[in-house]
Amino acid sequence: MWGDLCKRVGRGWDLRPPRRCLLCCAWARQALCEACLRLHGDGHVPGARPRCPGCGLRLALGVSRCAGCEREPPAHGRVQVAVDYAHPWDRVMLEFKFGARPEHAAALALLMAQGVRQQAAAEPDQAALPTRLVPVPLSRERLAQRGYNQAWELTRQLARQLGVNARADALTRPVHLAGQAEQDRPTRLKRLRGVFQVSASGRAWVAGHRLGLVDDVLTTGATAAEAARTLMAAGAAEVQVWAFARTPAPEEGPS
Ligand SMILES: [Zn+2]
Ligand SMILES: [Zn+2]
């Protein structure tokens with residue numbers, strides 16, 4: 001009997017204890033059940049329009065970039081987004097960020113990793129996938145307040161799922177800014193200028209490498225753009241922006 005069991009384990013029996021799916025509470029082997037992964041993965045949502053590679057917004061039919069990115073192409077590489085910031089993810093994101101639930105990262109990273117793999121499979125040049133991940137850092141004040149950096153929680157999970165490297169201390173945020181929720185992108189960009197810094201120990205790790213900059217939500221994309229600019233100024237070969245959710249444009253509903 002034991003020999004039989006060992007043979008089955010050897011054939012890839014999944015011995016992880018079952019848990020509840022974050023979204024639908026079904027028993028699952030991982031933080032999101034297979035059905036929710038299929039249902040919510042960006043590539044699977046029926047009728048979903050593709051996203052702009054420069055900012056993650058949904059595109060009008062027949063265009064390859066949004067008007068904003070056409071006018072002012074971003075300096076960073078591709079933006080990869082898993083979902084729209086809308087139901088049911090808005091509730092999950094609030095808990096993740098403000099409700100002391102860092103463990104939600106496991107489920108969110110499953111969808112992000114799925115999107116990254118789909119994108120990599122769609123691109124003939126597989127080498128384009130970054131192999132080093134950096135989270136958008138919080139200021140010391142914000143970190144003390146929240147107790148964890150939600151972007152680092154996502155980064156750690158992604159690094160494990162994709163089998164790539166990650167460092168929390170390569171990029172730092174020495175400057176603390178009070179809330180900027182109501183500001184538009186140009187105002188945010190101006191205020192954010194210079195708030196990030198590549199650490200002395202992070203410099204060699206960043207220089208010459210293709211990086212994935214990880215964040216939880218892109219609202220205007222200004223924070224990620226400034227963080228990416230800082231990494232590129234320190235010699236990064238390319239910085240892709242990987243965010244779990246993207247706030248849709250005002251005239252655009254989730255699709
Ligand atoms: Zn589920
Ligand atoms: Zn765009």
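**From Ser 199 to the sheet**

Ser 199 sits in the loop that joins strand 7 (197-198) to helix 9 (203-206). Helices (H or I, at least four residues) and strands (E, at least two) are DSSP runs, numbered from the N terminus. The model is predicted: local features need pLDDT of at least 70, side-chain atom pairs count only at pLDDT 80 or more, and totals for chains, interfaces and linings use all residues. Residues are numbered from 1 along each chain as its sequence is written, while chains are lettered from A and ligands numbered from 1 in the order in which they are written.

A residue counts as buried with 20 or more other C-beta atoms within 10 Å of its own, as exposed with 12 or fewer, and as partly exposed in between; C-beta atoms are placed from the backbone. Beyond its neighbours within four places in sequence, Ser 199 is in contact with Asp 169, Ala 170 and Thr 172. Contact means C-beta atoms, placed from the backbone, within 7 Å. Arg 173 is 26 residues away in sequence, and its C-alpha lies 9.6 Å from that of Ser 199.

Now take the whole protein. Its secondary structure comes to ten helices and nine strands. Of its 255 residues, 36% are buried.

Five strands form an open sheet in the order 3-9-8-4-5, with parallel pairing. Strand 3 (79-84) and strand 5 (165-166) stand at the edges with a single partner strand each, so one side of each has no neighbour in the sheet. Two strands pair if DSSP finds at least two bridges between them. Strand 4 (residues 132-135) and strand 8 (residues 210-218) pair in the parallel sense over four bridges. Arg 132 has Leu 211 of strand 8 as its bridge partner.

Helix 7 (residues 150-162) packs on this sheet and touches strand 4, strand 5, strand 8 and strand 9 (238-246). Helix 10 (residues 222-233) also packs on the sheet, touching strand 4, strand 8 and strand 9.

Ten of its 13 residues are buried, so helix 7 is largely enclosed by the rest of the structure. Among the buried residues are Trp 152, Leu 154 and Leu 158. Their cover includes helix 4 (89-98) and helix 5 (105-122), along with strand 4, strand 5, strand 8 and strand 9. Just after helix 7, Gly 163 takes a positive phi of about 70°.

Note on methods: Two residues are in contact if their C-beta atoms, placed from the backbone, lie within 7 Å. Axes are lines fitted to C-alpha atoms, for helices over the stretch in contact, and angles run from 0 to 180 degrees between N-to-C directions.
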